[in-house]
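Subject: Structure handover

Hello,

Here is the structure I promised to pass on. Please open it first, then read the notes below it.

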Amino acid sequence: MGNRIFRAGLAGITVLFVGMLVWAMLSLIFMPRWSEVVDSTLSEEMLYSIRLSLTTSAVSVVVVMILAVSIGYVLARFRFPGHQLLRTVVDLPMAFPELVLGLCLLLLFGHDPLAGWLKKAGIDIVFSKTGIAIAQIFTAAPYATRVVYAAFRSINPRYEMVARSLGCGQWAAFLRVTLPMAKGGLFAGAVIAFARCMGCFGTVLILAGGTRMFTETLPITLYLNISYGNLAMAMTSGILLILISLAAIVTFEALNHEVVL
Amino acid sequence: MTMLLEVRNLHVDLGEFSLRGTDLAISEGDYCCLIGDSGAGKSVLLETMVGSFRPHKGKVLLHGRDVTDWPPERRNLGIVYQDFMLFPHLNVFDNIAFGLRRQKSFRTALKSEVHSIAARVGIEHLLHRDIKTLSGGEQQRAALARALITRPQVLLLDEAFSALDVASRERMRRLLRELVKELHVTVLHVTHDMEDVWALADQVAVLHDGQILQTGSPEHIFSCPHPEFVAEFLGARNVLQGSVLDCDASGLTHISVEQTRLYSADPASVDHRVQLSVRPEELAVAQKQLPITLRNQIPVRIQGLERRGPLVWITGKAAGFSLEAAVTVSGAREQKLKVGDEAVFAFSASSLRIIASERRYRVPSDCPATLTTPPVAAAERFACD
């Protein structure tokens with residue numbers, strides 16, 4: 001009897017929460033009229049927003065993956081004083097509210113000495129499109145690093161040692177053995193990074209600003225239009241973000257089933 | 001004489017596993033088995049040789065040249081692990097060809113080289129296969145082919161057969177024996193399996209707690225296990241303590257063990273305390289005294305009879321000590337022994353070996369530690385009479 005109550009209680013909590021979650025998502029999808037969704041999607045603002053989100057996210061994912069592979073490999077393979085501290089620092093932005101991370105980045109890139117150096121080099125980051133990519137990179141990198149680190153950790157370092165005993169240098173062993181063996185984890189990391197970049201809001205808002213038709217990514221479109229009371233546009237950007245997240249999570253699960261986080 | 005592969009006073013500390021002044025030398029063409037208990041540092045030693053770990057003290061020498069700071073890819077040492085470590089993203093052909101793709105001189109002959117070595121290890125028909133579809137024995141052959149194709153100076157085997165079933169293990173031993181002869185490969189083989197030692201080794205080294213305790217031929221190590229650890233590790237179960245009473249003109253040493261007089265053919269100094277060992281399979285068991293040729297005849301009461309495979313292990317309680325004998329099933333049946341019966345355990349003086357413990361005992365002169373490069377501590381500790 002006790003066991004049945006225990007099982008029923010746990011199952012009840014699960015069903016209740018998952019039910020509410022699905023209901024919330026379905027309300028977003030089925031609330032607007034489909035003609036409104038189509039019109040909103042084809043509007044100039046939405047097309048600009050989609051294009052900007054895809055472009056900045058694509059660039060950011062490339063940078064994020066270079067960072068994730070480098071940092072993930074260092075954490076997985078090298079032992080040095082401060083190893084645990086480095087892991088914690090890399091993970092830290094995941095626990096930050098995005099707005100706080102954005103504020104930190106604004107202070108970093110908006111003040112000297114970095115702001116001065118960047119100005120001399122002709123690079124604008126604050127309240128610019130480059131700022132969107134920088135915000136996305138800092139937001140997504142910890143997630144991708146975690147996935148890639150787990151992928152490298154799951155590969156026995158002896159594979160590399162065998163490769164090196166067969167004449168490969170460290171770089172060649174990494175390229176010919178470790179990277180191909182970690183490819184599932186790398187794809188999964190890239191997918192999760194892309195989803196985080198597309199959905200990045202708070203960091204982008206603070207660092208790049210939420211300027212209509214300039215630094216307007218999909219989450220910013222949602223935010224701006226809900227502020228103006230344009231619900232159809234807001235819900236359309238919400239639906240697009242849900243679809244992107246859904247595709248990302250399905251791909252992530254398919255690729256990442258062997259990587260233990 | 002310049003050794004092919006040598007480690008001198010090697011110190012590596014990996015926390016759980018460490019090497020503490022390890023010395024070992026392998027001559028060209030030798031097949032050396034490295035044995036030792038779990039955690040002794042066998043794999044660490046192999047991986048330090050191959051270049052995985054950098055020792056904080058000591059040297060690794062190849063042909064007398066210090067390669068301690070060389071990266072693994074310059075050392076040309078092949079390594080085969082227990083779990084094969086075949087690259088899962090490559091098929092059998094590409095796994096075997098992996099090392100050759102780095103060597104320009106072999107690129108043109110790559111295909112024929114791969115087919116040749118694959119045929120030699122009996123997996124030519126599997127070259128197109130994904131490695132996940134191979135059996136354990138086939139994977140081990142592929143790993144061996146991959147290591148041998150680059151013609152390494154020394155082949156390092158880290159418990160290479162332990163993941164295989166008994167039949168595959170036997171086939172691999174046979175194959176390896178043939179390959180070693182054919183290709184003149186020098187091998188250092190870490191193993192727990194004494195059958196590997198008997199079937200393959202020219203030399204045996206015993207590692208315990210990060211130090212080489214003894215090296216020598218398999219016959220020497222088994223017949224004359226040196227310190228107490230080696231004796232126990234190699235299965236010398238009957239380890240006794242005694243005092244030397246006399247050394248007679250015929251060369252026999254008379255030893256008192258708990259008031260029982262025993263005879264050993266190993267020399268020792270009178271009044272020294274000694275540690276003795278006799279292998280269970282060298283004991284004869286009878287219901288009454290046996291011919292005088294077996295100098296040691298000890299009356300015992302049978303305390304246990306246990307069948308283990310083709311042998312029956314008999315435990316006999318003598319005056320103040322116990323002995324174990326291993327006899328064939330038919331031998332035990334003929335004697336009609338039962339627990340509680342009185343019997344005689346008999347063995348020759350040459351079967352009773354004097355072994356040493358760390359400080360108190362000294363070792364007879366015909367039983368030296370034949371260390372190729374004796375560590376100073378070991379040489380002092382086991383100085384011969």
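Start with one strand pair in chain B. Strand S3 (residues 31–36) and strand S9 (residues 203–208) of chain B run parallel, and five bridges join them. Within this pair, Gly36(B) sits opposite Leu207(B) of S9(B). Keep in mind that this is a predicted model.

**The sheet in chain B**

S3 and S9 belong to an open sheet of six strands in chain B, ordered S6-S7-S8-S3-S9-S10. Its pairing is mixed. Which strands stand at the edges? They are S6 (77–81) and S10 (211–216) of chain B. Each has a single partner strand, so one side of each lacks a neighbour in the sheet. On average, neighbouring strands here are turned by 20 degrees against each other, with direction ignored. As background, strands of a sheet pair through backbone hydrogen bonds, in either the parallel or the antiparallel sense.

**Helices on the sheet**

Two helices to look at here come from two chains. From chain A, helix H8 (residues 158–165) lies across S6 and S7 (154–158) of chain B. H8(A) runs at about 150 degrees to S6(B). From chain B itself, helix H5 (residues 136–148) packs on the sheet and touches S6 and S7 of chain B. The direction of H5(B) makes about 170 degrees with that of S6(B).

**Where the chains meet**

How many residues are in contact between chain A and chain B? On the chain A side there are 18, and they touch 24 residues of chain B. The area buried between the two chains is about 1900 Å². Carbon and sulfur atoms give 64% of that area. In chain A, Arg158(A), Leu166(A) and Arg176(A) lose the most area to chain B. Together these three account for 35% of what the chain A side buries.

There are three salt bridges between chain A and chain B. Arg164(A) forms a salt bridge with Glu73(B), and the closest N and O atoms are 2.9 Å apart.

Which elements of chain A give two or more residues to the side that touches chain B? They are H8 and helix H9 (170–181) of chain A. H8(A) gives the largest share, seven residues. By class, this side of chain A has ten nonpolar, five polar and three charged residues.

**Another set of strands in chain B**

Now move to strand S11 (residues 238–247) of chain B. S11(B) runs antiparallel to strand S14 (residues 273–278) of chain B, and six bridges join them. Here Ser243(B) stands opposite Arg273(B) in S14(B).

S11(B) also runs antiparallel to strand S12 (residues 253–257) of chain B, joined by four bridges. In this pair, Asp246(B) faces His254(B) in S12(B). S11(B) and S12(B) form a hairpin with five residues between the strands. In that hairpin, Gly251(B) takes a positive phi near 90 degrees.

**Chain A as a whole**

What does chain A contain? There are 13 helices and zero strands. Along its principal axes, the C-alpha trace of chain A spans about 75 × 65 × 30 Å.

For a first look, I would go to H8(A), where it lies across S6 and S7 of chain B.

Best wishes

Conventions. Residues numbered from 1 in each chain as written. Chains lettered and ligands numbered in written order. Predicted model: local features only at pLDDT ≥ 70, side-chain atom pairs only at ≥ 80, totals over all residues. Heavy atoms only, no water. Pairing = 2+ DSSP bridges. Axes fitted to C-alpha atoms, helices over the stretch in contact; angles between N-to-C directions. Contact = heavy atoms within 4.5 Å. Buried area = accessible area lost by both parts, 1.4 Å probe. Salt bridge = Lys/Arg side-chain N within 4 Å of Asp/Glu carboxyl O. Nonpolar A, V, L, I, M, F, W, Y, C, P; charged D, E, K, R; others polar.
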